[in-house]
Each structure stands twice: as structure tokens, then as C-alpha cells.
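Morning, everyone. Have a look at the chain on the screen, and then I'll take you through it.

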Amino acid sequence: MRILLVVAPALLFAGAAVAQSDSRPDPRDPKVKVPPVEYRSAFEGYRPFAEPELRDWRKSNEEVGAAGGHAGPRSGQGHGRETAKPQPGKPEASGGHGGHK
């Protein structure tokens, strides 16, 4: 059993070494043909900054107001529920602030 633990990894490493072929040309050989260098600019596809079109601020405010404001979800959206505000002077069912007395 001990010999198997030594021989198996040795055979695996030997097989990996044999499987590696030297199909790459020697980089030191000046006669080796190399593919041509392809130049691609880092700015290829660059679009310069353009100022966005300005809108009339009154029209924008009217659109936001017609939508119900900009804070939180629009009415009819989301899974929120309505909660009742505590009445002044009445203790809550939990006994006050967070259940502490």
C-alpha cells in the first residue's frame, strides 16, 4: 500500500511532463515567423461629453407634483401598509416607548 502512495503520484507527474509538447517556437530564433502586431487605440469608441438638454424647471416640477411627489413609492405601488399615528395623551398597547416602563 505504501508503494502505491509513492508510485501513483510519480506516474502522474511523469505523464504530465511527457504530455507537454514543445510546439511553441523558440523566441530566441530570429527565423521564426511571428504574427503582426495589431494596434488598437484605448480611445476607440470614445464619445466626448455632451451637455444634456435642459428642460423648463416649472414643467419638471408639475410632472413630479402630478405623480404625487418624489419621496417614496407612488400611490398604488409597493407592499406598504398604512399605519395609524399614536394619539397624544393615550398610552400605547405595548405600555409606552418600546415596551419599557
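Start with E63, which is partly exposed because its relative accessible area is 40%. The scale is this: buried is under 20% relative accessible area, exposed is over 50%, and partly exposed lies in between, with a 1.4 Å probe and protein chains only. E63 has a salt-bridge partner, R55, and their closest N and O atoms are 2.8 Å apart. By salt bridge I mean a side-chain nitrogen of Lys or Arg within 4 Å of a carboxyl oxygen of Asp or Glu. R55 is also partly exposed, at 49% relative accessible area.

A word on the source. This is a predicted model, where local features need pLDDT of at least 70 and side-chain atom pairs count only at pLDDT 80 or more, while totals for chains, interfaces and linings use all residues. Residues are numbered from 1 along each chain as its sequence is written, and side-chain values use heavy atoms, with hydrogens and water left out.

How many salt bridges does the whole structure hold? Two. The other pair to show you is R28 with D26, with 3.3 Å between the closest N and O atoms. R28 has 71% relative accessibility, so it counts as exposed. D26 is partly exposed, at 36%.

D26 comes up again with V32. Leaving out residues up to four places away in sequence, V32 touches P25 and D26; contact here means heavy atoms within 4.5 Å. V32 sits in the loop between α1 and α2, the latter being residues 57-66. Its relative accessibility is 25%, so V32 is partly exposed.

Now the overall fold. The chain has two helices and zero strands. Helices (H or I, at least four residues) and strands (E, at least two) are DSSP runs, numbered from the N terminus. What share of the 101 residues is buried? The figure is 0%. The chain's accessible surface is about 11200 Å², and carbon and sulfur atoms account for 58% of that. Those areas come from the Shrake-Rupley method with a 1.4 Å probe; for residues, only the protein chains shown count as cover.

Next, helix α1, residues 2-19, where we find V6. V6 is exposed, because its relative accessibility is 58%. V6 also belongs to a nonpolar surface patch of about 810 Å², along with M1, I3, L4, L5, V7 and L11.

Last, the aromatics. There is one aromatic pair in the structure. F43 and Y46 make it, edge-to-face, at 6.4 Å centre to centre and 80° between the planes. Both F43 and Y46 are exposed.

Methods: Phe/Tyr/Trp six-rings, centres within 6.5 Å; stacked < 30°, edge-to-face > 60°. Patch = residues over 30% accessible without salt bridge, like charges linked within 9 Å, V, L, I, M, F, W, Y side chains within 5 Å.
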